[in-house]
Amino acid sequence: MKKKKVNLRDLEPKEHQGEHSHDDGHNHSSPEEISNFRTYLPAIFSFVMLIAGIAIDYFDAFLFFKGWIRIVWYTVAYIPVGFPVIKEGWKSVKNGDFFTEFFLMSIATLGAFAIGEYPEGVAVMLFYAVGELFQNAAVNRAKGNIKALLDVRPNEALVYRDGDYVSVNPETVEIGEKIQVRVGEKVPLDGILLSEKGSFNTAALTGESKPDTIAKGDTVFAGSINLDGVIEVETTKEFKDSSIARILDMVQNATARKSKTELFIRKFARIYTPIVVFLAIGLTFLPYFFVDDYVFRDWLYRALIFLVISCPCALVISIPLGYFGGLGAASRNGILFKGASFLDAMTQVNTVVMDKTGTVTKAVFKIKEIVTGSAFAKAEFMKYLMAMEEQSTHPIAIAIMEYKAEGVDYNATDVSEIAGKGLKGSVNGKTVLVGNKALMTAHQIEVPAETDNIVESIVMVGIDGAFAGYVTIADELKDDAHQAIKEIRAAGIDKIIMLSGDKDSITQEVAKELGIDWAKGGMLPEDKLNEVEKLKQQPDTKVAFIGDGINDAPVLAASDVGIAMGGLGSDVAIETADVIIQTDQPSKISRAIKIGRSTRRVVWQNIILAFGVKVIVLILGAGGLATMWEAVFADVGVALLAILNAVRLQKMKWE
């Protein structure tokens with residue numbers, strides 16, 4: 001079967017296809033602002049009409065506000081919020097699904113109109129519409145939008161054709177063509193380096209902050225950023241098979257594999273609605289067989305009151321209010337949930353999988369240890385090393401230059417870079433080598449065997465043909481990393497796992513220090529995705545993945561709950577995740593779980609409260625002891641109590 005070509009235009013949202021930027025000298029509202037206003041306009045219009053109608057009724061301000069004029073007024077107020085619901089109810093009926101909340105809301109509010117309770121009919125539908133707007137706001141922010149990925153894609157390639165470099169779409173470049181990549185540009189396609197050497201930021205693929213320096217003939221991956229000089233690359237893959245295109249594809253597929261969380265009210269309405277409808281029908285007709293003075297109109301009136309009382313607007317409004325209370329509380333704690341459903345999902349997590357660099361570490365290199373031989377004191381050794389590293393912009397060199405050396409600084413001359421090995425130069429008349437073991441071996445300098453067991457990045461120094469010492473460089477743990485692991489366990493998480501693109505020895509060392517159950521390093525994006533997919537296949541396992549790089553996007557999308565570090569994390573990881581830790585503190589993860597649990601408790605309290613009051617008033621209504629006023633009181637009162645209960649979430653503390 002022929003593989004479908006990945007077309008970036010297909011990935012781009014349709015409303016952005018064919019857009020062009022222009023400025024005609026006028027100020028315009030953004031399409032998003034206009035769209036949001038239009039979304040809320042029907043509810044605003046109905047609210048204004050309803051309040052005005054109730055005020056006129058109450059004060060009896062206009063004598064003409066009677067009969068058909070009053071009916072038309074409330075009908076006009078009803079249509080903007082009622083018509084979409086009636087339309088959805090009719091569609092569901094045509095599809096054979098009678099008992100939806102759309103159907104119940106329709107017959108209940110139309111029933112209110114039928115018995116002359118026009119304000120109640122409008123108010124109930126307005127409550128419902130506002131609840132739906134709240135929920136839609138959360139849905140619109142939910143995961144699935146991969147627009148941010150489009151900002152990362154390479155959008156042009158300088159390919160050598162007909163004796164000159166021309167700019168073309170990367171999708172048109174064929175295997176074996178020569179492309180040029182300038183400083184700061186993204187490599188558009190996978191290939192082999194034709195230039196003598198190159199330095200690349202590969203964070204888009206590995207998530208690691210350390211640049212990768214490669215030599216002629218080595219593989220260069222699409223999505224890497226060229227850091228040093230103009231380079232030439234011979235392409236080895238088409239764009240559809242390149243690294244960045246694979247990540248795009250994985251995010252799409254992983255998102256598609258995630259099941260959509262269905263709101264509780266949808267499930268509950270499938271049971272609640274048919275019961276209420278059949279009870280109302282029974283209340284209308286069954287008394288005929290048991291009551292001597294049966295009057296159809298009277299029992300129909302009771303049934304309609306019964307339906308109005310049974311309107312689930314209190315349920316509809318209490319549920320999103322509870323969730324949005326949780327969302328607001330989380331936001332104030334530096335945690336952003338992209339939708340109400342993820343607060344629920346967070347309460348079910350029992351396995352946490354995390355990335356290393358940028359998640360539990362700062363992604364900033366620091367000198368961990370300085371070891372010198374007998375020939376040099378530490379201070380003098382560091383002066384030689386710093387004189388050489390001053391010539392480099394490598395992150396490891398920057399970490400070394402932060403060391404505070406006392407005395408007169410040394411200066412290096414004739415410094416040259418040996419690709420993939422290190423630096424060679426002269427300091428105070430001495431020949432100095434700074435780099436890895438391969439550099440020392442190439443210059444016949446014997447390296448102590450103990451260095452083979454060092455897991456951190458190591459910089460060795462040779463002076464005048466002799467080994468002078470070394471420094472180890474490590475990525476520093478975040479200040480709250482230990483606390484984060486302890487609190488995650490205290491929150492009842494059964495298993496904590498670390499998957500990293502960094503080398504396995506470093507990953508194991510960090511995992512051991514933090515007390516993580518199991519760890520694995522040297523992993524590509526697809527490797528992480530496969531591991532999480534295996535975990536999800538285990539019975540009763542709900543996985544939360546925590547990451548920060550573009551390479552984490554596929555697994556963030558595939559996990560039950562994807563959590564991204566929002567401060568230093570990549571835009572793609574943030575866009576794909578369900579939950580964002582805005583402060584970059586891993587200790588916030590346990591707080592997110594606690595907030596989710598508190599929110600769930602409040603929501604269930606609101607559900608029980610709303611349902612309990614409904615049952616009581618429904619019984620009174622069926623017995624003819626409740627009028628439309630009691631129905632209004634039950635609805636408004638329960639909604640108010642639900643609001644107050646939801647507000648409690650704003651005041652809670654989660655430490």
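Helix H13 has these buried residues: Ala340, Ser341, Phe342, Leu343, Asp344, Ala345, Met346 and Thr347. That is eight of eight, so H13 counts as mostly covered, since buried means under 20% relative accessible area. Keep in mind that this is a predicted model.

Now turn to the sheet. Seven strands form an open sheet with mixed pairing, in the order S10-S22-S21-S20-S11-S18-S19. Strand S10 (335–337) and strand S19 (518–520) are the edges, and each pairs on one side only. From one strand to the next, the twist averages 20°. S10 runs antiparallel to strand S22 (residues 579–581), and three bridges join them. Phe337 has Val579 in S22 as its bridge partner.

Helix H18 (residues 504–514) touches strand S18 (495–499) and S19, and its direction makes about 160° with that of S19. Helix H19 (residues 525–537) lies across strand S11 (351–354), S18, S19 and strand S20 (543–547). H19 runs at about 160° to S20.

Side chains of opposite charge can pair when their charged atoms come close. Here Asp355 meets Lys528, with 3.2 Å from N to O. The two residues are 173 residues apart in the chain: Asp355 sits in the loop between S11 and strand S12 (361–372), while Lys528 belongs to helix H19. Are these two residues buried or exposed? Asp355 has a relative accessible area of 0%, so Asp355 is buried. Lys528 is also at 0%, and therefore buried.

Lys366 pairs with Glu402 at 3.3 Å, N to O. Lys366 lies in S12, and Glu402 lies in the loop between helix H15 (395–401) and strand S13 (412–418), 36 residues away. Lys366 has 33% relative accessibility, so Lys366 counts as partly exposed. Glu402 is partly exposed too, at 41%.

The structure holds 18 salt bridges. One of them joins Lys197 to Asp228, whose closest N and O atoms are 3.4 Å apart. Lys197 is in strand S5 (residues 197–201). Asp228 is in the loop between strand S8 (225–226) and strand S9 (231–235), and 31 residues separate the pair. Lys197 is partly exposed at 28% relative accessibility, and Asp228 is partly exposed at 41%. Glu417 is linked with both of them in a network of salt bridges.

Next, look at a hairpin. Strand S1 (residues 157–161) and strand S2 (residues 164–168) pair in the antiparallel sense over five bridges. Val159 has Val166 in S2 as its bridge partner. Two residues sit between the strands, and Asp162 takes a positive phi near 55°.

This region leads to the aromatic rings. A pair of aromatic rings is described by the distance of the centres and the angle of the planes. The count comes to eleven aromatic pairs. Take Tyr160 and Tyr165: their ring centres are 5.1 Å apart and their planes stand at 65°, so the pair is edge-to-face. Tyr160 is partly exposed at 38% relative accessibility. Tyr165 is buried, at 19%. Lys178 lies over the face of Tyr160, 4.7 Å from the ring centre.

Phe376 and Tyr384 make another edge-to-face pair, with 5.6 Å between centres and 70° between planes. Both Phe376 and Tyr384 are buried. Elsewhere, one aromatic cluster is formed by Phe65, Trp73, Tyr74, Tyr78, Phe113 and Tyr118.

Note on methods
Residues numbered from 1 in each chain as written. Predicted model: local features only at pLDDT ≥ 70, side-chain atom pairs only at ≥ 80, totals over all residues. Heavy atoms only, no water. Pairing = 2+ DSSP bridges. Helix = DSSP H or I, 4+ residues; strand = E, 2+ residues; numbered from the N terminus. Axes fitted to C-alpha atoms, helices over the stretch in contact; angles between N-to-C directions. Contact = heavy atoms within 4.5 Å. Phe/Tyr/Trp six-rings, centres within 6.5 Å; stacked < 30°, edge-to-face > 60°. Buried < 20%, exposed > 50% of the residue type's maximum accessible area, 1.4 Å probe, protein only. Lys NZ or Arg CZ within 6 Å of the ring centre and 35° of its normal. Salt bridge = Lys/Arg side-chain N within 4 Å of Asp/Glu carboxyl O.
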